[in-house]
Amino acid sequence: MEQTKIEIQQGDITKLDVDAIVNAANSSLLGGGGVDGAIHRAGGPAILAECKKIVARQGSCPTGEAVITTGGKLPARYVIHTVGPVWHGGEQDEPQQLANCYRNSLRIATEKQLKSIAFPNISTGVYGYPKEKAAKVAVQAVNDFIRDNDTSLRQVIFVCFDAENLRLYEKILKG
Ligand code: ADP
C-alpha cells in the first residue's frame, strides 16, 4: 500500500494548494470568525451558497460531523466544513467529538478520492480546547484513520497558525 505522509506547516490555510482544506465551522455553516471567516473571505460567495443549500437540505451540522463544498476562489479544490466541540472542561465527550471531526473529514476526502488535505487546529481558537490536548487527539485520530482505512490520501497537513501549536505538533509527531 502507498504511504500517507503527515506534515506540519505554519501559516494561513487559505493559501494552500491542496485538494481540500478543512474549515473549523460552527453548526450553522453560515460563517463566523477565525479560520472560518478567513476561508469565506478568501474563497468568495460560492462557498456560503453551497453551505446554505446543505443546511436547507439536511439542517445544521452536528458537532463532530463534516460536509464538503467547493473551494470557490481558493487554491484548494474543496472545503470540508467540520464542527468542533466547544471546550466545557473535557468531561462532555469533547475528545471523542474532536476525533470525529478529523475522522469524518478524512472519510469524506477518501470518498472523493482526494490525495491531499490540510487541517487547521480545530477548536483551539474561540472554542477554547486546550492546545496540547487537542493536538494529541488530532494526531491520534489521523494516525488511526490511516492505519484502519484504505485511503486515497497521500498527504495530510496540520496547519499551525500560532507558534505554540507548531511547537506542540512538532513535539507530538517527532516524539
Ligand atoms: P474554533 O471555533 O474551532 O476554535 P477558530 O477559527 O477560532 O475555531 O480557531 C481554530 C484554529 O484556527 C486556531 O488555532 C486559530 O489560530 C486558527 N486559525 C485562524 N485563522 C487561520 C488561518 N487563516 N489559517 C489557519 N489557521 C487559522
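At what angle do the axes of α1 and helix α2 cross, and within what distance do they come?

Reply: The model discussed here is a predicted one. The axes of α1 and helix α2, the latter formed by residues 45-58, cross at roughly 115 degrees and come within 6 Å. On the α1 side, the residues that take part are Ile39, His40 and Gly43, which meet Pro45, Ile47, Leu48 and Cys51 of α2. By type, the residues of this contact are five nonpolar and two polar, with no charged residue.

The helix α1 also has a part in the largest pocket, to whose lining it gives the most, with four residues. This pocket has a volume of about 570 Å³. Its lining consists of 26 residues, and those nearest the centre are Ala24, Gly34, Val35, Asp36 and Gly125. Two elements give two or more residues to that lining, namely β2 (20-25) and α1 (34-43). In contrast to the contact of α1 with α2, where no charged residue is found, the lining of the largest pocket includes four charged residues, beside eleven nonpolar and eleven polar ones.

Six bridges join β2 to strand β4, residues 78-83, and the two strands run parallel. Within this pairing, isoleucine 21 has valine 79 of β4 as its bridge partner. The sheet as a whole is open and has six strands in the order β1-β6-β5-β2-β4-β3, with mixed pairing. Its edge strands are β1 (5-10) and β3 (66-70), each of which pairs on one side only. On average, neighbouring strands are turned by 25 degrees against each other, direction ignored.

Further helices accompany this sheet. Helix α4, residues 131-148, lies across β1, β5 (116-119) and β6 (155-160), and runs at about 175 degrees to β6. Helix α5, residues 163-174, packs on the sheet and touches β1 and β6; its direction makes about 155 degrees with that of β1.

In helix α3 (residues 94-111), arginine 107 and glutamate 111 lie four residues apart, about one turn of the helix. These two residues form a salt bridge, their closest N and O atoms being 3.1 Å apart. Side chains of opposite charge can pair in this way when their charged atoms come close. The structure holds eight salt bridges.

Definitions and conventions. Residues are numbered from 1 along each chain as its sequence is written. This is a predicted model: local features need pLDDT of at least 70, side-chain atom pairs count only at pLDDT 80 or more; totals for chains, interfaces and linings use all residues. Side-chain values use heavy atoms; hydrogens and water are left out. On a 1 Å grid over the protein atoms alone, a cavity is a set of points where a 1.4 Å probe fits but cannot get out, and a pocket is an open set with protein on both sides within 12 Å along at least five of seven lines; lining residues have an atom within 4 Å of a point. Grid points are joined across faces, edges and corners, and a volume is the space filled by probe spheres set on the points. Ala, Val, Leu, Ile, Met, Phe, Trp, Tyr, Cys and Pro count as nonpolar, Asp, Glu, Lys and Arg as charged, and the others, Gly among them, as polar. Two strands pair if DSSP finds at least two bridges between them. Axes are lines fitted to C-alpha atoms, for helices over the stretch in contact, and angles run from 0 to 180 degrees between N-to-C directions. Contact means heavy atoms within 4.5 Å. A salt bridge is a side-chain nitrogen of Lys or Arg within 4 Å of a carboxyl oxygen of Asp or Glu.
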